[in-house]
Amino acid sequence: MKVTILDIGPDEEEEIIFKCRALDDDMVKIINRFKQGGGKLTVYKNSEMFFIEPGEVFYFESVDQKVFAYCKSEVYQVKNKLYELLDELPGWTFVRISKSAILNLNKIKSLVPAFSGRYEALLKNGEKVIISRQYVGALKERLGI
Amino acid sequence: MKRLESMFILFEKVTVGVVFVTAVYIPVFYGWETEIYANILWQILFLSAVCALGSMILPLEGEKEVSRISMFVRIILYYVYINVVVLGLGLFYEWFTFRNGWQVLGMELAITFVYGMVAFISYRSQCREAKRMNQKLKEIQ
């Protein structure tokens, strides 16, 4: 792929133009990454927009059609759907743990068995999230078990 | 395939439990000198197989999520199923009679013991799995 960088005048607005024959998956990922500020996540809180590192997020949860990013002590809203996040986030770090949540593996302090084949993840900020039985297999696979 | 594997593992656990409670039940209710027929081994194997078959009511790992209440109801139903199977087959094989209240109590204790033992072994297995996952997490973090 050819990369062209053009010098612009001080009054001109900075702009990225993608020239492609078709918008394939790789291209969409690159565009989304630029839209999100170079690998950072665009999140919202009290009508304000913030850019945060995905690694800061402990877990994402979908509640009433809205997706929230839970950080150490702050909660932000994310405009993406959970399946979109799964596509864009680093695959080896984030894993789906239920129909409504994605968990950052780096933020897990420990896992303990819970009722009916589920597991409970104790996070490094003291929060607890449930890993649904349906997704335990995928988690084990990710961990190489 | 996964279901069959799970039922076979359960069958093994139940068989060990039933052999153990039988080893206690027979001397208690029939004395140490009692002679038993070899067919009791087949009866135990059949009983364990029927008990394991009922575990289809319990969802497996990776299967569709069920609610906490639904899971609780399934566990209760499975316990009732085990009682019906063990008491029904026990009566059919003449292991006990309802006329002897102590024998009925003995059967109930045996059922509860095996059920509890299998549940405890399964829980311990989950704990070991969690330990392995925690170890792997430490390695990647």
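**Rings first, then the interface**

Tutor: This is a predicted model. Let's start in helix 1 (residues 2–30) of chain B, where Phe8(B) and Phe11(B) both sit, three residues apart, about one turn of the helix.

Student: Are the rings of Phe8(B) and Phe11(B) stacked, edge-to-face or tilted?

Tutor: A pair of aromatic rings is described by the distance of the centres and the angle of the planes. Here the centres of Phe8(B) and Phe11(B) are 6.0 Å apart and the planes stand at 35 degrees. Stacked needs under 30 degrees and edge-to-face over 60, so the pair Phe8(B) and Phe11(B) is tilted.

Student: Is Phe8(B) buried, partly exposed or exposed?

Tutor: Its relative accessible area is 49%. Buried means under 20% and exposed means over 50%, so Phe8(B) is partly exposed.

Student: How many aromatic pairs are there over all chains?

Tutor: Some ring pairs link up into a cluster, made of Tyr78(B), Tyr79(B), Tyr81(B) and Tyr115(B). Searching the whole structure, over all chains, the number of aromatic pairs comes to twelve.

Student: Now the two chains: how much area do chain A and chain B bury between them?

Tutor: The size of an interface is often given as the accessible area lost when the parts come together. In this case 57% of the buried area is on carbon and sulfur atoms, and the total for chain A and chain B is about 2,300 Å².

Student: Which residues in chain A lose the most area to chain B?

Tutor: Three of them together account for 30% of what that side buries. They are Phe115(A), Arg133(A) and Ile145(A).

Student: Which side chain of chain A meets Glu129(B) in a salt bridge?

Tutor: Glu129(B) lies in helix 4 (residues 101–140) of chain B, and its contacts beyond four places in sequence are Tyr119(A), Lys140(A) and Ile145(A). The count between the chains is one salt bridge. At 3.4 Å, N to O, the partner of Glu129(B) is Lys140(A).

Student: Is Glu129(B) buried or exposed?

Tutor: The relative accessibility of Glu129(B) is 17%. The cut-off for buried is under 20%, so Glu129(B) counts as buried.

Student: How many residue pairs are in polar contact across the interface of chain A and chain B?

Tutor: One polar contact, of 3.4 Å, joins the side chains of Glu129(B) and Lys140(A). Across the interface of chain A and chain B, with both residues at pLDDT 80 or more, the number of residue pairs is six.

Student: And which element gives the most residues to the side of chain A that touches chain B?

Tutor: Strand 8 (108–113) and helix 3 (133–143) of chain A are the elements that give two or more residues to that side. With seven residues, the one that gives the most is helix 3 of chain A.

Conventions. Residues are numbered from 1 along each chain as its sequence is written. Chains are lettered from A and ligands numbered from 1 in the order in which they are written. This is a predicted model: local features need pLDDT of at least 70, side-chain atom pairs count only at pLDDT 80 or more; totals for chains, interfaces and linings use all residues. Side-chain values use heavy atoms; hydrogens and water are left out. Buried area is the accessible area (1.4 Å probe) that two parts lose on being put together, summed over both. A salt bridge is a side-chain nitrogen of Lys or Arg within 4 Å of a carboxyl oxygen of Asp or Glu. A polar contact is a pair of N or O atoms within 3.5 Å; within protein, one must be able to donate a hydrogen and the other to accept it, and residues adjacent in sequence count only if both atoms are side-chain atoms. Helices (H or I, at least four residues) and strands (E, at least two) are DSSP runs, numbered from the N terminus. Buried means under 20% relative accessible area, exposed over 50%, partly exposed in between (1.4 Å probe, protein chains only). Contact means heavy atoms within 4.5 Å. Rings of Phe, Tyr and Trp (its six-membered ring) pair if their centres lie within 6.5 Å; planes under 30 degrees apart count as stacked, over 60 as edge-to-face and the rest as tilted.
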